[in-house]
Amino acid sequence: MLPVLLVSIDNTVLNLALPAISEDLRPTGTQLLWVIDIYPLMLAGLLVAMGSLGDRIGRRRLLLIGSAGFGAVSVVAAFAPSVEWLIIDRAVLGFFGAMLMPPTLSLLRSVFTDRNQRRLAIAIWASGFAAGSALGPVVGGVLLEHFAWGSVFLLAVPLLVPLLILGPMLVPESRDPNPGRIDLWSITLSLATMLPVVYGIKALAEHGPTPSSLGPIVFGLAAGFLFVRRQPRLTHPMIDLGLFRQGAFSGAIGVNLLSVVALVGGLFFVSQYLQLVLALSPLEAGLVLVPGLAAMIVSGLLVVPIARRVRPSIVVPVALLISAAGYAAAALGGGDLDAAGIALVFVALGIGIGAAETVSNELIVANAPADKMGAASAVGETAYELGAVLGTTILGTILTASYRSAVVLPEALTAAQGASAAETLGGAVAVADGLPDGLAQMLLASAREAFTSGIGPTAWIGTALVLAAAFVALVTLRKAT
């Protein structure tokens, strides 16, 4: 549970720290997105390779190696002197973070062989994400009230030290009994698939269809084609592609991907809206999000007895319709939502996505062979991390583009001030801090109006994503039990 808590706390805290990072390091809009995206991008590229590695060398061993590296790099990231260094640190955190998640889910498969017990264990495992997300804003808010933004990275240390001490004593080792050799070509091709495709999607969202955006996507798809062609020819493939012919497995992957895109994209703009538009402190903003994240925990646990009696093709779509209703409420409210309205929207999101994630993760585990559990778990978690990238890329980029097109800057600003204020709302707030009161109020009013004007369209896209996830579940999970 400790790695699960760590990863979720890290993601939530960083979203909460975005305004402070914007004001301190003065990143461009693209750099701010990279601060968020580089971590899940590295995870998405490495998870399958690391999951396969864990099957071979031992899942507990991989977990402990990743924990030690993640803790050390977190300390370095806390003192990053520039946004470029922070992006690099986040990339290295992604490398070690890829070692953390596949072992946790695959170890549950080896410990809990009874499916009812395993379903509850996975619900608790999934609730760790929501618990960490709920704990992150509160603890992070306290830290950001009294310390610099770098302090949020130091949260990794108290979580990982107990894991490194107690893990070897409490967690049983498990591995593939007949692992075969490590296929370096498959690892290379998996990286050559994921990294360029995710980068190309980011560039496409930012700059449109240009050679610099379409080229990496084409390259990645070509590498993916070669990866798929190679796997059936291997005695011990990295991924058993036959898993994707099972509707329950592929459908659960699709639900994970689409629901996480919607959830993470929502967190990206809501955290800024609460602090930079409603002028809440980091702690107050964190507390607004807590009810929704608590709802995610409760719904994930309550769905377990329901899932024993009701088919996934019914449970998951119904749950996701609740989340879609929350997003639609945000779209209709737009920039008129107050803190209570945001809290209610996130309760609806949490109820639906919490229940859907528990059921879909259990289906991934139940439909994969035990000896390949690391690689299979990594596929599910790759969908999760790819969803996190696409969430900030698609929804975040749309919101940023809307802001840039709508913001009106006072003529009295210098060229440097104008460039910073035109990039992001956080940049405008930082510039306003050094201006006379009248000019500052003029800039803030324009910047906040420009930011809120993009919330409605962005939230409608989030609604469509959740409805798409519900449709995928309805069609693909009909035969799942």
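Predicted model: local features only at pLDDT ≥ 70, side-chain atom pairs only at ≥ 80, totals over all residues.

Biologist: Let us begin with empty space. How is it found?

Modeller: Rolling a probe the size of a water molecule over the atoms shows where empty space is left. In this structure, the largest pocket holds about 560 Å³ of space.

Biologist: How many residues line the largest pocket, and which lie nearest its centre?

Modeller: The lining is made of 23 residues, and Val 48, Thr 193, Met 194, Phe 244 and Thr 382 lie nearest the centre of the largest pocket. Two or more lining residues come from each of α2 (29-57), α8 (184-207), α9 (211-230), α10 (247-277) and α14 (373-406). Helix α9 gives the largest share of this lining, 6 residues.

Biologist: What classes of residue make up the lining of the largest pocket?

Modeller: There are 17 nonpolar and 6 polar residues in that lining, and no charged residues.

Biologist: What is the volume of the second largest pocket?

Modeller: The second largest pocket has a volume of about 390 Å³. Its lining counts 17 residues, and Met 1, Leu 2, Leu 63, Leu 107 and Val 171 are the closest to its centre. Helices α1 (2-25), α5 (101-111) and α7 each supply at least two residues of the lining of the second largest pocket. By class, this lining has 15 nonpolar residues, 2 polar residues and no charged residues.

Biologist: Now to cavities. How many of 30 Å³ or more does the structure hold?

Modeller: The structure holds 9 cavities of 30 Å³ or more. Take the second largest cavity, with about 110 Å³ of space. It is lined by 12 residues, and those nearest its centre are Gln 272, Thr 400, Thr 424, Leu 425 and Phe 451. The elements that give two or more residues to the lining of the second largest cavity are α2, α10 and α14. This lining has 7 nonpolar, 4 polar and 1 charged residues.

Biologist: Thr 424 was in that list. Where is Thr 424 found?

Modeller: Thr 424 sits in the loop between α15 (415-423) and α16 (425-432). Thr 424 counts as buried because its relative accessibility is 7%, and the cut-off for buried is under 20%. From Thr 424 to Phe 346, 78 residues away in sequence, the C-alpha to C-alpha distance is 24 Å.

Biologist: Glycines next. Is Gly 220 buried or exposed?

Modeller: Gly 220 is buried, because its relative accessible area is 0%. Gly 220 lies in helix α9. Another case is Gly 128, in helix α6 (residues 115-146). At 1% relative accessibility, Gly 128 is buried. The C-alpha atoms of Gly 128 and Ala 77 are separated by 24 Å, and the two residues are 51 apart along the chain.

Biologist: And backbone angles? What is phi of Ala 279 near?

Modeller: Phi of Ala 279 is near 60°, which is a positive value in a residue other than glycine. Ala 279 is placed in the loop between α10 and α11 (282-309). Ala 279 counts as exposed because its relative accessibility is 53%, and exposed begins over 50%.

Biologist: Last, the surface. Which residues form the nonpolar patch?

Modeller: The nonpolar patch on the surface is formed by Val 75, Phe 79, Leu 154, Val 157, Val 161, Ile 165, Leu 166, Met 169 and Leu 170. Together they have about 850 Å² of accessible area. Helix α7 (residues 156-170) gives the most to this patch, with 6 residues. Leu 170 is exposed, because its relative accessible area is 65%.

Notes: Residues numbered from 1 in each chain as written. Heavy atoms only, no water. Patch = residues over 30% accessible without salt bridge, like charges linked within 9 Å, V, L, I, M, F, W, Y side chains within 5 Å. Areas by Shrake-Rupley, 256 points an atom, 1.4 Å probe, with all protein chains shown as cover. Salt bridge = Lys/Arg side-chain N within 4 Å of Asp/Glu carboxyl O. Helix = DSSP H or I, 4+ residues; strand = E, 2+ residues; numbered from the N terminus. Buried < 20%, exposed > 50% of the residue type's maximum accessible area, 1.4 Å probe, protein only. 1 Å grid on protein atoms, 1.4 Å probe; cavity = no way out; pocket = protein on both sides within 12 Å on 5 of 7 lines; lining within 4 Å. Points joined across faces, edges and corners; volume = space filled by probe spheres on them. Nonpolar A, V, L, I, M, F, W, Y, C, P; charged D, E, K, R; others polar.
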